[in-house]
Amino acid sequence: MLGIEDCLTEVMAIPGALDAILIDQTSGTAVAVGGGSRHVDTEKSAAGLSETLRATLDGLATTSPGGTIRISDMIITTDNGHHLLRPLETVFDGPLVIYVRLDLERSNLALARHRLQALSGRLITT
């Protein structure tokens with residue numbers, strides 16, 4: 001099993017990774033921070049990202065048969081980067097979300113998704 005700090009180190013090793021935040025999905029707080037995120041308001045970012053994921057889940061659930069849905073990952077592309085969110089079920093206190101911001105020019109989105117999937121498999125126990 002992978003620890004939180006090791007997780008962030010591996011996320012930041014993804015080619016083109018600029019920032020990473022491990023977020024407690026229930027409370028919307030930052031559990032750990034890596035990369036350039038140390039220079040922004042990570043608590044506000046974590047809360048906003050958590051709320052974005054929650055709103056997306058709620059919106060998709062209303063259009064899904066049975067009213068439930070599970071997101072594997074979420075990609076948001078902006079003019080200054082790709083933003084990946086990957087929800088996790090872990091042995092830690094509750095559900096976590098890995099967030100990583102990737103450089104638009106230097107990153108490979110498919111590789112980043114693959115690495116996050118492999119990494120999350122090492123954190124997940126359920």
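The sections below cover the basis of the model, the fold, the nonpolar cores, the pocket and the loops.

## Basis of the model

The structure is a predicted model, in which local features need pLDDT of at least 70 and side-chain atom pairs count only at pLDDT 80 or more, while totals for chains, interfaces and linings use all residues. Residues are numbered from 1 along each chain as its sequence is written, and side-chain values use heavy atoms, with hydrogens and water left out.

## Overall fold

The protein contains three helices and five strands, where helices (H or I, at least four residues) and strands (E, at least two) are DSSP runs numbered from the N terminus. Along the sequence these elements follow the pattern α-β-β-α-β-β-β-α. Of the 126 residues, 41% count as buried, a term that stands for under 20% relative accessible area, with exposed meaning over 50% and partly exposed lying in between (1.4 Å probe, protein chains only). Residues 24 or more positions apart account for 52% of the contacts with a separation of 6 or more, a contact being heavy atoms within 4.5 Å.

Strand β5 (96-102) pairs on two sides of the record of bridges, two strands being paired if DSSP finds at least two bridges between them. Seven bridges join β5 to β1, and the two run antiparallel; in this pairing L96 of β5 is the bridge partner of D24. β4 and β5 are also antiparallel, over seven bridges, and here P87 stands opposite V97 in β5. Six of the seven residues of β5 are buried, so this strand is largely enclosed by the rest of the structure.

## Nonpolar cores

A nonpolar core is a set of buried Ala, Val, Leu, Ile, Met, Phe, Trp, Tyr and Cys residues joined through side-chain atoms within 4.5 Å. The largest one has 17 residues, and those with the most contacts inside it are V11, I14, I98, V100, L102 and L116. At least two residues of this core come from each of α1 (4-12), β1 (17-24), β4, β5 and α3 (109-123), and β5 gives the most, with four.

Leaving aside residues up to four places away in sequence, I14 touches L102, A112, R115 and L116. Another core, of 12 residues, lies apart from the largest one and has I21, L53, I71 and Y99 among its members.

## The largest pocket

On a 1 Å grid over the protein atoms alone, a pocket is an open set of points where a 1.4 Å probe fits, with protein on both sides within 12 Å along at least five of seven lines, and lining residues have an atom within 4 Å of a point. The largest pocket holds about 220 Å³ of space. Its lining consists of 11 residues, of which R70, I71, P87, L88 and E89 lie nearest the centre. Strand β4 (residues 81-88) gives the most to this lining, with three residues.

By type, the lining divides into six nonpolar, two polar and three charged residues.

## Two loop residues

D73 sits in the loop between α2 (42-63) and β3 (74-78). Not counting residues up to four places away in sequence, D73 touches L85, R86, P87 and R113.

R106 belongs to the loop between β5 and α3, and at 54% relative accessibility R106 counts as exposed.

Notes. Points joined across faces, edges and corners; volume = space filled by probe spheres on them. Nonpolar A, V, L, I, M, F, W, Y, C, P; charged D, E, K, R; others polar.
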